[in-house]
Amino acid sequence: GVVWARSLFCARACEALAQELAVDMRHPAAEKIYLAGLLHDAGYLLFLRNKPEAMRAIFEKGASDADDLLRIESEVMGMDHRQAGLEIARGLSLDTAIGDAIREHHHPSQNSGWIARITGVGSAFCSYQGIDFFSSRTLPRGERTREMEEIIQVLLLDLPSPLAPEDPCRLLAAMESATRPLRRSLGELFM
């Protein structure tokens with residue numbers, strides 16, 4: 001259930017970011033942003049289909065953070081979910097920007113394409129909301145909020161125009177507002 005919840009939340013958060021950043025939602029790039037968010041963890045679906053017992057082993061090892069989880073995945077599966085997701089994207093002949101977003105969503109940089117950066121923010125937002133595969137961190141909400149705003153500031157600094165100091169807070173609020181109905185409708189079903 002967490003895979004689908006993360007996928008839906010990330011897609012909706014990415015869509016909200018695109019809207020706030022004034023990406024014309026009728027533009028093909030808007031569809032790519034949503035699809036990248038929806039598929040960012042698609043590698044897990046391949047893992048779950050092919051080796052469900054190995055996936056249980058991965059989660060039982062109790063990763064403490066995303067990098068630890070990626071390391072455990074590579075040890076158990078021979079690749080991490082980003083690599084598996086990239087193979088799915090290539091197999092489906094998806095746009096390279098979507099594949100890049102899947103591959104880079106844990107570690108996008110200012111050198112990444114903007115779809116990858118938005119997807120990275122969307123993925124971090126899922127973790128911020130507690131929709132994750134590893135134990136929730138115990139940082140106080142204020143510290144988690146500052147951390148999330150910093151991620152937004154760093155990754156979206158120049159997209160599509162420079163961010164104002166108040167923009168990270170505004171963008172975070174937009175993602176929270178956009179995903180609130182989803183959280184209510186999914187309720188205990190996935191989370």
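Okay, how are H6 and H7 oriented to each other? Keep in mind that this is a predicted model. Helix H6, residues 81-91, packs against H7 at an angle of about 170°, and their axes are 8 Å apart. Anything over 145 degrees counts as roughly antiparallel, so H6 and H7 are roughly antiparallel to each other. On the H6 side, the contact uses Arg82, Gly85, Leu86 and Ala89, and H7 brings in Gly99, Ile102 and Arg103. By type, that contact of H6 with H7 splits into three nonpolar, two polar and two charged residues.

Now have a look at H3, residues 42-50, and H4, residues 52-60. These two pack at about 120°, with axes 5 Å apart, and they're therefore oblique to each other. H3 puts in Tyr44, Phe47, Leu48, Arg49 and Asn50, while H4 answers with Pro52, Met55 and Phe59. Here we've got six nonpolar residues, one polar and one charged.

The largest nonpolar core has 35 residues, and the ones touching the most other members are Val121, Met148, Ile152, Leu156 and Met175. Helices giving two or more residues to this core include H1 (2-20), H2 (28-39), H9 (141-155) and H10 (167-190). H8 has the largest share, with eight residues.

Leaving out residues up to four places away in sequence, Met148 touches Val121, Ala124, Phe125, Tyr128, Leu172 and Met175. Apart from that core lies another one, made of eleven residues, among them Ala54, Ile58, Met77 and Ala84.

How values were computed
Residues are numbered from 1 along each chain as its sequence is written. This is a predicted model: local features need pLDDT of at least 70, side-chain atom pairs count only at pLDDT 80 or more; totals for chains, interfaces and linings use all residues. Side-chain values use heavy atoms; hydrogens and water are left out. Axes are lines fitted to C-alpha atoms, for helices over the stretch in contact, and angles run from 0 to 180 degrees between N-to-C directions. Helices (H or I, at least four residues) and strands (E, at least two) are DSSP runs, numbered from the N terminus. Angles under 35 degrees count as roughly parallel, over 145 as roughly antiparallel, 65 to 115 as roughly perpendicular and the rest as oblique. Contact means heavy atoms within 4.5 Å. Ala, Val, Leu, Ile, Met, Phe, Trp, Tyr, Cys and Pro count as nonpolar, Asp, Glu, Lys and Arg as charged, and the others, Gly among them, as polar. A nonpolar core is a set of buried Ala, Val, Leu, Ile, Met, Phe, Trp, Tyr and Cys residues joined through side-chain atoms within 4.5 Å. Buried means under 20% relative accessible area, exposed over 50%, partly exposed in between (1.4 Å probe, protein chains only).
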